[in-house]
Amino acid sequence: RCHHTSISQMCSCSKTISDEKYQDPFQLGRKDLKNLYEDIKKELLVSTAELREMCEYYFDGKGKAFRPMIVVLMARACNIHHNNSREMQASQRSVAIIAEMIHTASLVHDDVIDDANSRRGKMTVNQIWGERKAVLAGDFILSAASVALARIGNTTIISVLTQVIEDLVRGEFLQLGSKENENERFAHYLEKTFKKTASLIANSCKAVSILGCPDPKVHEIAYQYGKNVGIAFQLIDDVLDFTSCADHLGKPTAADLKLGLATGPVLFACRQFPEMNAMIMRRFSKPGDVERARKYVLQSDGVQQTTYLAQRYCHEATREISKLRPSPEREALIQLTDMVLLRDK
Ligand code: GRG
C-alpha cells in the first residue's frame, strides 16, 4: 500500500502531495470550502455554552472533509455539463455543509453506540460529556442540518437528503445483526456498507446535480458516482482497520473485530480459513478470538481482495462520471477515486 498521502492532506492543506501524478486537482473545491467550518458553526448557534461547545467539537478542521469536497466538485462538474456555468449556486454549497453536518451527527451517535473513547486523535464527545449529552448533541447537529435543508426550499432535495438519515439508521441496525450463510453474509455486508456510508455521498451528489441540471440522466450519473466511491471508501476504511496503526488513524485498530464485526477482510479470509466461521458466528466474543482472527486475516489475502473490490467500485465510479462533459472538476473527481484507494487514514 502507498502511504504517501491521505484525504486529509489532499483536502485540508494547500500543497502536500509530492507524487507528480497528483498535481493538486482540488484547488477549486478548496476555495469553495474555505469557510466551511465557520459556516457550519453559524448553523449551530445555540444559547447554552455547553451544548454549543459539544456541537462545535468536531468542526475543528481535523476531519478530512471528504464529503463536502466531493459535493462541491460534483456541483461544478454538473453545472459545467449543463450550461458551461462556472458558478456554483448557494444552495449547492448548502448541500456540502448539510452533508458534513449529517456525517458528524452520525459520528457522535456512532461513538455512543460503540462506546468509543477516541476519534481523530481526540477524546470522543461521549467520553468527555457522557452518553446522554452526546446523544443530545448529535440530535442537535442533525436538527440544525434539517433547518439548513428546509431553508433551501426545495422538496425534492429535502426528500433526497432525508433518505440518507433513514439509510444511516437502517445501516446501523443491519450492523447489529448477522447472517449465518456465507453468501447472505457478504450481501448483508455490502448492503450495510451502502446504507452506513455510501448513501450520504450518493444522495448528496444527486442533490447538487438536481440543483444544477434538469436532466435525470445526469442525476443518475451523480448518484452512481457517489454510491460507488462511497462503497470503495468504506471498503478501504475496513482494510485500514487491519493495516494502519492506532496513532495514525486517531482511533484504536482492529476496532471492528473488538465490536464483533466481520468486515470485508474477514469475510474474504474466512473463505481461505473456514475455521473463522465459528468466530464470526460468536462475534469474536471468546478470549483470544480478536487476536486469532486478526492473524488469520493478515495471513490470508483478505486485505488484498477487499482492496481489489474497492478498485472495482472506483473503476465503476470513474466510468459513470466520464459520461459528463470534460472539465477540471470532472478530472478531480476521477483522481479522487485513486486517492480513496491510496489513502492511509
Ligand atoms: C444521527 C444521522 C444519524 C444517524 C444515526 C449512528 C448511525 C445512525 C449511523 C452511523 C454512521 C457512521 C458513523 C458510518 C461510518 C462512516 C465512516 C466511514 C466514517 C468515517 O468517515 P471519515 O473517514 O471521517 O470521512 P472524518 O473523521 O475524516 O470526518
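This is a predicted model: local features need pLDDT of at least 70, side-chain atom pairs count only at pLDDT 80 or more; totals for chains, interfaces and linings use all residues.
A polar contact here is a pair of N or O atoms within 3.5 Å.

Start with His103. An N or O atom of the His103 side chain sits 2.8 Å from an oxygen atom of the ligand, so that pair falls within the 3.5 Å limit. Arg67 has a polar side-chain atom 2.7 Å from a ligand oxygen. For Arg120, the distance from a side-chain N or O atom to an oxygen of the ligand is 2.7 Å. The ligand on its own would expose 760 Å², and the protein buries 93% of that.

Now the whole shell. The ligand is surrounded by 18 residues, and the closest are Lys64, Arg67, His103, His109 and Arg120. By type, the shell holds seven charged, six polar and five nonpolar residues.

Where do the residues of the shell come from? At least two each are supplied by helix H6 (90-114), helix H9 (155-176), helix H10 (182-212) and helix H11 (216-243). H6 gives the most, with six residues.

Last item, the cysteines. How many disulfides does the count come to? A disulfide needs two cysteine sulfur atoms within 2.5 Å. Cys205 counts as buried because its relative accessibility is 0%. For Cys314, the closest cysteine sulfur is the one in Cys205, at 13 Å, so that pair is too far for a bond as well. Cys314 has 3% relative accessibility and therefore also counts as buried.

Definitions and conventions: Residues are numbered from 1 along each chain as its sequence is written. Side-chain values use heavy atoms; hydrogens and water are left out. A residue is near a molecule or strand if one of its heavy atoms lies within 4 Å of it. A polar contact is a pair of N or O atoms within 3.5 Å; within protein, one must be able to donate a hydrogen and the other to accept it, and residues adjacent in sequence count only if both atoms are side-chain atoms. Accessible areas come from the Shrake-Rupley method with a 1.4 Å probe; for residues, only the protein chains shown count as cover. Helices (H or I, at least four residues) and strands (E, at least two) are DSSP runs, numbered from the N terminus. Ala, Val, Leu, Ile, Met, Phe, Trp, Tyr, Cys and Pro count as nonpolar, Asp, Glu, Lys and Arg as charged, and the others, Gly among them, as polar. Buried means under 20% relative accessible area, exposed over 50%, partly exposed in between (1.4 Å probe, protein chains only).
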